[in-house]
Amino acid sequence: MRTANKCHASKQSEGPAFSGLLNFFKPTSLVRPSAMELDRPATNGDGAGAAEEMDLERPFLRRSSSGSRRRRTAGETPLGSPSRRPSFRQEMGHAAAETYLITRLTIVLLRYLGVGSRWITKFLALGFYALLLMPGFIQVGYYYFFSNQVRRSVIYGEQPRNRLDLYLPMNGSTPKPVVAFVTGGAWIIGYKAWGALLGRRLAERDVIVACIDYRNFPQGTISDMIKDASQGISFICNNIVNYGGDPNRIHLMGQSAGAHIAACALVDQALREHQGENTSWSVSQIKTYFGLSGGQVFNVKNCSKPSIDRYNLFDLVDHVHRRGLYRSIFLSIMEGEQSLQRFSPELTVQDQSFHPAIICLPQIILFHGTGDYSIPSTASENFATALRSVGAQVKLILYEGKTHTDLFLQDPLRGGRDDLLEDVVAVIHAGDAVALAKDTTVPKARRLVPEWQLKLAREISPF
């Protein structure tokens, strides 16, 4: 365990969830299994189970008593075994196990969602969107499953989704900088493989990428997601040297909902360190936090002009409801309306009790497209303003006309120069003359999807 020393020394070196959902996911039901408690052990009837069910006022990274050990699935890479590669049979077993898990959770979620016009519309749009980008997805998928530079499903914890993928550069002669990446997915459909394209592009620039998987709703709520992300970051900080990474050059990045989860984990960790708690990783090990198209959006009562901000959840409730993520589900994910402030990094950093911990935070760089209608760029603008007001190091980079998916998908699939990638690499390689010189000679990435398909996909994107 790592003991924090008020942060500055190392720098120098839930409220109750939506009641209807809880009733729906009763653990005693044989027809409707408990999605909220899939990872909770059975009780002996002495009231412990009821106590846990009522334990909804929990901190960001609470220590769960539900640490039931899980049998390892075939094909998963054991912790601390960087050189072992599973056989084809093991790979198939792992794929089948993950497919079963995701399918089971999807069925449970669909039972709760019911049939709504907005949800059906978004689902159909997502299908067409994926079909248009399929030429690129197939090529990236081939790289993901068959490249020797990818280490899939490295175990970092005991929960079913506590896995991460590693994307390793071809040249492993020297320790490489590292990006710990938390994928997006509206807190419901996030998955580590969504970071394959980013992992591939950064690995081509001599950067190791670790894509962290985490429990999604309904398998878990926001506290579980933050706990998983923090545990994944801890594994990277303490073990990346075994995979050729430089433990002194670790950067944290999140996209969309993943940006919110990563920011929550970072802010909570900074507060814990300042309070002197024992932790398994230190914020001082993170050189930069990159937030891509992130924020929080919750509707603030009595606010004459609410804004949309994923880093401030009060602004988000009505916005996501109109876009198809129903208010009841969103509040269930966030563990009730009374928990929105606790899971809003923008509000947390402005709280008087957090001000002494500001010094613990690394430099923060926020990226956002001005054409993003899923999470408008005002989300990052407001978060940047809040951070500056309390003295944090923050930089905001806006991309004119770019949508929620342009920066993360369409632009990389287009090939050629990728402005976001170049901005990220410039920060990671800052101070490394050799790497910066090499960046000037890197060939342009090739196109993976025809332009007409990219333009049409942009128009029908549900995000």
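**Strands, loops and one annotated stretch**

Colleague: Which residue in β11 is the bridge partner of Leu292?

Modeller: That's Phe367 in β11. Bear in mind that this is a predicted model, where local features need pLDDT of at least 70, side-chain atom pairs count only at pLDDT 80 or more, and totals for chains, interfaces and linings use all residues. Residues are numbered from 1 along each chain as its sequence is written, and side-chain values use heavy atoms, with hydrogens and water left out.

Colleague: OK. How many bridges join β8 to β11?

Modeller: Five, and the two strands run parallel, with β11 covering residues 363-369. Strands here are DSSP runs of E with at least two residues, helices are runs of H or I with at least four, and both are numbered from the N terminus. Two strands pair if DSSP finds at least two bridges between them.

Colleague: And which strand pairs with β8 over six bridges?

Modeller: β6, residues 245-255, again in the parallel sense.

Colleague: Why is β8 called largely enclosed by the rest of the structure?

Modeller: Because six of the seven residues of β8 (286-292) are buried. Buried is under 20% relative accessible area, exposed is over 50%, and partly exposed is in between, using a 1.4 Å probe and protein chains only.

Colleague: What's the strand order in the open sheet?

Modeller: There are eight strands, in the order β2-β3-β5-β4-β6-β8-β11-β12, and the pairing is mixed. β2 (150-155) and β12 (394-399) stand at the edges with a single partner strand each, so one side of each has no neighbour in the sheet.

Colleague: How many bridges do β4 and β5 have?

Modeller: Five, in the parallel sense, between β4 at residues 176-182 and β5 at 208-212. Val179 stands opposite Val209 of β5 in that pairing.

Colleague: Let's move to the loops. Which residues does a cis peptide bond join?

Modeller: Phe217 and Pro218, with omega at about 10 degrees. Pro218 is in the loop between β5 and α8 (222-239).

Colleague: What's the phi of Ala186?

Modeller: Near 55 degrees, which is positive even though the residue isn't a glycine. Ala186 is in the loop between β4 and α7. At 30% relative accessibility, Ala186 is partly exposed.

Colleague: And Ser293, buried or exposed?

Modeller: Buried, with a relative accessible area of 0%. Ser293 also has a positive phi, about 55 degrees, without being a glycine. You'll find Ser293 in the loop between β8 and β9 (296-297).

Colleague: New topic. What does UniProt list for residues 123-145?

Modeller: The UniProt entry, which is unreviewed, gives "transmembrane region" for that stretch. UniProt positions are in the numbering used here, feature names are shortened, and annotations may be inferred rather than shown by experiment.

Colleague: Which helix does Lys122 lie in?

Modeller: Helix α5, residues 117-132. Lys122 is partly exposed, at 26% relative accessible area.

Colleague: How far apart in space are Lys122 and Pro462?

Modeller: 5.5 Å, C-alpha to C-alpha, though they are 340 residues apart in sequence.
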